[in-house]
Amino acid sequence: MELGNQTRVLEFLLLGLSQDSEQQPILFGLFLSIFVVTVLGNLLIIMAISSDTHLHTPMYFFLSNLSLADMCFTSTTIPKMLVNIQTQSKAISYAACITQMYFFMVFGGMDTFLLTVMAYDRFVAICHPLHYTVIMNPRLCGLLVLVSWFISLSYSLIQSLLMLRLSFCSNWVIPHFYCELAQALTLACSDTLVNYILQYLVTGFLGIVPFSGILCSYTRIVSSILRIPSAHGKYKTFSTCASHLSVVSLFYGTGLGVYLSSDSSSWRGMIASVMYTMVTPMLNPFIYSLRNRDIKRALRKVLGRTLCVQ
């Protein structure tokens, strides 16, 4: 339908990471490998935690939810990119673009909130060990995860509904490998003021509030660790939150790289986006399992049972 120079768009074109046809098989193999490793790694973490009763604790409950969110987060972008590379098509329908955008925001928000909740869990475990089981009871743990889902789903739904009211110009090309909200907004011909206001407010909220909570938790944790007299005691206590701190650093480091990039469609911006959307979810299972004896033991049991069945 024509409305002056505004058009109701039927599909967008995703330019992807490279226009060079010779690089497409390499990119396909690389991202297929990343996707398989991410799904299998996070799935193994979930299976290990659910099958071992010793891991039915708040920390591992939150970790299993984080693994689920990471697995889904990667699944919002890589499969479509692989299909486009394989079919040599850059098209994505308008409905599919909005859907991808919605789920990308949902699972990205879930990662942010779950990392904050996990920091609070470590704070309670280290600073209030005698009251840990009372404070981090199953009801509170479930409530924290439900609130995280509610906020992520609500914001993503509002932002997606606001996108539906926009009309787009004749240029429907998104210079990215997925439907990024900021890139899509630049293509709109209608007024995007409300969209930008909501985007900046929620980006600030999702960035500042959770990060402040993590920073506050670790400030108290470090203060508590420094009061431990023995060096062995300090090391042992800090090792319980080292994996989480590594994941937080990786997640926020790559996230800041994406959002502080002046042009997310530039090569540097693309690399930052790949690190944030693909590499970080792939590395999380390895970070949590490499130095965690409980996870290693549970994984050996799961893999052992799987091999026995075969």
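Predicted model: local features only at pLDDT ≥ 70, side-chain atom pairs only at ≥ 80, totals over all residues.
Mentor: Helix α2 (residues 58–75) and helix α4 (residues 94–127) have axes that come within 9 Å and cross at roughly 160 degrees.

Trainee: How are two packed helices described in general?

Mentor: Two things go into the description: the angle between the axes and the distance between them.

Trainee: Are α2 and α4 roughly parallel or roughly antiparallel to each other?

Mentor: An angle over 145 degrees counts as roughly antiparallel, and therefore α2 and α4 are roughly antiparallel to each other. Their crossing is left-handed.

Trainee: Which residues make the contact?

Mentor: On the α2 side, look for residues including Pro58, Met59, Phe62, Leu63, Leu66 and Phe73. On the α4 side, they include Phe104, Phe107, Met110, Leu114, Val117, Asp121 and Arg122. The residues of this contact divide into 15 nonpolar, two polar and four charged.

Trainee: Let's move on to salt bridges. How many does the structure hold?

Mentor: There are two. In one of them, the side chains of arginine 122 and aspartate 121 meet, with 2.9 Å from N to O. You've already come across both residues, on the α4 side of the contact with α2.

Trainee: Is arginine 122 buried or exposed? And aspartate 121, buried or exposed?

Mentor: The cut-off for buried is under 20% relative accessible area. Arginine 122 has 9% relative accessibility, so it counts as buried. Aspartate 121 has 1%, so it counts as buried too.

Trainee: And what does arginine 297 form a salt bridge with?

Mentor: Its partner is aspartate 294, and the closest N and O atoms are 3.3 Å apart. Both sit in helix α11 (residues 293–309); being three residues apart there, they are separated by about one helical turn. Arginine 297 is partly exposed, at 29% relative accessibility, and aspartate 294 is partly exposed at 31%.

Trainee: Where does glutamine 88 lie?

Mentor: Look in the loop between α3 (78–87) and β4 (91–93).

Trainee: Is glutamine 88 buried or exposed?

Mentor: Exposed, at 74% relative accessibility.

Conventions. Residues numbered from 1 in each chain as written. Heavy atoms only, no water. Axes fitted to C-alpha atoms, helices over the stretch in contact; angles between N-to-C directions. Helix = DSSP H or I, 4+ residues; strand = E, 2+ residues; numbered from the N terminus. Parallel < 35°, antiparallel > 145°, perpendicular 65-115°, else oblique. Left-handed = near helix turned anticlockwise from the far one by under 90°. Contact = heavy atoms within 4.5 Å. Nonpolar A, V, L, I, M, F, W, Y, C, P; charged D, E, K, R; others polar. Salt bridge = Lys/Arg side-chain N within 4 Å of Asp/Glu carboxyl O. Buried < 20%, exposed > 50% of the residue type's maximum accessible area, 1.4 Å probe, protein only.
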